[in-house]
Amino acid sequence: MLSYIIYKAILVVIVFSITLVAAMYSTYAERKIAGFLQDRLGPNRAGPFGILQPVADGVKMFMKEEMIPNVSNKFLFILGPSVAMFTSLMTGAVIPWGTSLTIAGHQYSLQVADVNIGILYLLGVTSVGVYGIMIGGWASNNKFALLGALRASSQMISYEVALGLSIIALIMTTGTLSIGEIAAQQHGWHWNILYQPLGFLIFIICAFAETNRAPFDLPECESELIGGYHTEYSSMKLGFYLFAEYTNMFISSAVIATLYFGGYNMPLLGRFVHDPNALVLLGTFFLFCKICFFIFLFMWVRWTLPRFRYDQLMNLGWKGLIPLAILNIAITGIVMWITGKIN
Amino acid sequence: MGVGSLILLILCGVAFCGLGIGISKLIAPSSKNSQKLEAYECGIPTEGGTWVQYNVGYYLFALIFLVFDVEIVFLFPWAVVLREVGMVAFVEVLIFVFILFLGLLYAWKKGALKWQ
């Protein structure tokens with residue numbers, strides 16, 4: 001029992017630090033990739049190839065003067081970024097980072113909490129993330145921040161509907177809400193992308209909108225709203241908002257990879273590797289490769305596509321994605337009926 | 001056993017947020033003056049109240065969102081047991097979704113989805 005608790009504690013700390021480090025290095029990757037796509041170098045001063053840049057940024061965030069405007073609501077002003085950061089760190093708990101390691105006859109699962117309603121947990125926690133932005137923007141008592149927060153929450157709830165509907169089509173084919181089981185079902189070539197191509201397309205567009213990434217970065221579009229909801233923020237509280245965005249991006253990439261791209265499964269891997277533990281670790285490695293690819297996709301899109309106009313954004317969400325997602329549910333059901341999965 | 005690890009993760013998260021803000025408050029320099037603490041509005045004193053009137057569209061979208069979010073909540077348990085409950089339940093849910101979709105079409109026709 002004690003060993004079980006220690007293992008869980010170690011696992012929680014590892015997952016927590018991996019999420020943090022991945023988010024940290026996403027900021028570095030973003031700047032390097034932006035540099036690459038724009039034919040310049042990107043950060044290259046702190047350490048070899050600028051590899052220490054995220055650390056330098058972190059130290060800078062800590063050392064900056066903290067300012068809380070005297071018209072703002074002080075408690076909510078601090079609560080806003082904390083909620084945003086906190087919720088983004090909580091989502092990593094239900095992602096299966098691998099199957100189980102076998103050490104001395106005991107099974108050690110690489111998933112922090114295999115709750116049987118993993119997907120609902122994920123949706124719930126990300127929905128609370130909206131509050132972080134809403135509270136922060138409202139408490140700043142600043143016109144730009146208020147408008148940015150309104151835009152953010154309106155955008156996030158709009159795309160949440162299409163996100164939920166696209167997940168429902170996925171649940172119809174998998175028949176479970178546990179993310180661990182969904183990942184396990186996709187062994188070999190049975191990746192869900194093959195059964196849910198339209199659902200995946202809707203899901204990834206909504207993931208871009210939910211994480212407030214370009215081309216959906218209207219809540220913080222500099223040319224209209226200064227900094228959007230974080231106009232008034234400085235020092236570590238601003239850092240939390242920016243960091244939460246990168247954490248969200250990492251987690252969404254992990255969710256996309258797990259739900260649609262087989263998670264830790266890699267076809268043909270079992271033919272070459274026979275040691276079960278090595279297989280598990282290789283699976284985790286491939287999961288991280290998939291995650292890195294999707295993070296790269298997020299950045300690639302950001303530096304390729306221009307930003308939407310607000311009415312275009314709402315049109316895409318309500319008149320494009322939601323009818324399409326409902327259509328996807330109908331198609332999924334009919335195909336399942338034809339193939340005899342439901343009687 | 002998932003709940004215990006979740007609580008541990010929540011503690012980690014709270015500690016991280018608390019430490020981040022706490023340490024930054026301790027080591028960051030601080031010099032207060034009244035001008036610096038004003039709300040930012042392009043560098044001039046703020047004009048009028050902050051709670052400006054905003055587009056009613058946000059409100060309309062929030063209302064339609066409520067309808068569809070509740071719909072999704074209804075659909076989740078159905079989607080999980082779809083294989084057991086069979087085709088009849090599928091057709092019933094299609095009718096249910098279709099009625100809600102008519103609502104969306106109505107809002108669309110009425111111009112509630114038009115952003116101006």
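For the charge counts here, Lys and Arg are taken as positive and Asp and Glu as negative, while His and the chain ends are left out. By that count, chain A carries 19 positive and 17 negative charges, and their mean positions sit 3 Å apart, with each charge placed at NZ of Lys, CZ of Arg, CG of Asp or CD of Glu. This is a predicted model, so a few ground rules: local features need pLDDT of at least 70, side-chain atom pairs count only at pLDDT 80 or more, and totals for chains, interfaces and linings use all residues. Residues are numbered from 1 along each chain as its sequence is written, chains are lettered from A and ligands numbered from 1 in the order written, and side-chain values use heavy atoms, with hydrogens and water left out.

**Chain A overall**

- Chain A comes out with 13 helices and two strands, where helices (H or I, at least four residues) and strands (E, at least two) are DSSP runs numbered from the N terminus.
- With a radius of gyration of 21 Å against the 20 Å that the globule rule gives for 343 residues, chain A is as compact as a globular protein of that length. The radius is taken over C-alpha atoms, and the rule is 2.2 Å times the number of residues to the power 0.38.
- Along the principal axes, the C-alpha atoms of chain A take up a box of roughly 60 × 50 × 45 Å.
- Of the 343 residues in chain A, 60% are buried; buried means under 20% relative accessible area, exposed over 50%, and partly exposed in between (1.4 Å probe, protein chains only).
- Among the contacts in chain A with a separation of 6 or more, 79% join residues 24 or more positions apart, a contact being heavy atoms within 4.5 Å.
- The accessible surface of chain A is about 13,700 Å², and carbon and sulfur atoms hold 71% of it. Areas come from the Shrake-Rupley method with a 1.4 Å probe, and for residues only the protein chains shown count as cover.

**Chain B overall**

- Chain B has three helices and zero strands, and its pattern along the sequence reads α-α-α.
- A compact globule of 116 residues would have a radius of gyration near 13 Å, but chain B comes in at 25 Å.
- The box around the C-alpha atoms of chain B, again along the principal axes, is roughly 70 × 50 × 15 Å.
- Buried residues account for 34% of the 116 in chain B.
- The 7 positive and 7 negative charges of chain B have mean positions 6 Å apart.

**Salt bridges**

- Over all chains, the whole structure has seven salt bridges, each being a side-chain nitrogen of Lys or Arg within 4 Å of a carboxyl oxygen of Asp or Glu.
- One of them pairs Glu30(A) with Arg302(A), with the closest N and O atoms 2.9 Å apart. Glu30(A) is in helix H1 (residues 2-37) of chain A and Arg302(A) in helix H12 (residues 276-302) of chain A, so the pair ties together parts 272 residues apart in sequence.
- Glu30(A) is buried at 2% relative accessibility, whereas Arg302(A) is partly exposed at 24%.
- Lys237(A) and Glu66(A) form another salt bridge, at 2.5 Å from N to O. This pair also links distant parts of the chain, 171 residues apart: Lys237(A) is in helix H10 (residues 235-260) of chain A, and Glu66(A) is in the loop between helix H2 (53-63) and helix H3 (74-90) of chain A. Both Lys237(A) and Glu66(A) are buried.
- Glu66(A) also meets Lys25(B) in a salt bridge, at 3.9 Å from N to O. That pair crosses between chains, from helix H1 (residues 2-27) of chain B to the loop between H2 and H3 of chain A. Glu66(A) has 12% relative accessibility, which counts as buried.
- Shared partners join Glu30(A), Arg213(A), Glu245(A) and Arg302(A) into one salt-bridge network.

**Positive phi angles**

- As background, most residues other than glycine have a negative phi.
- Phe49(A) has a positive phi, near 55°. Phe49(A) sits in the loop between H1 and H2 of chain A and is exposed at 67% relative accessibility.
- Asn141(A) has a positive phi too, near 60°. Asn141(A) is in the loop between helix H4 (118-139) and helix H5 (143-174) of chain A, and is buried with a relative accessible area of 16%.
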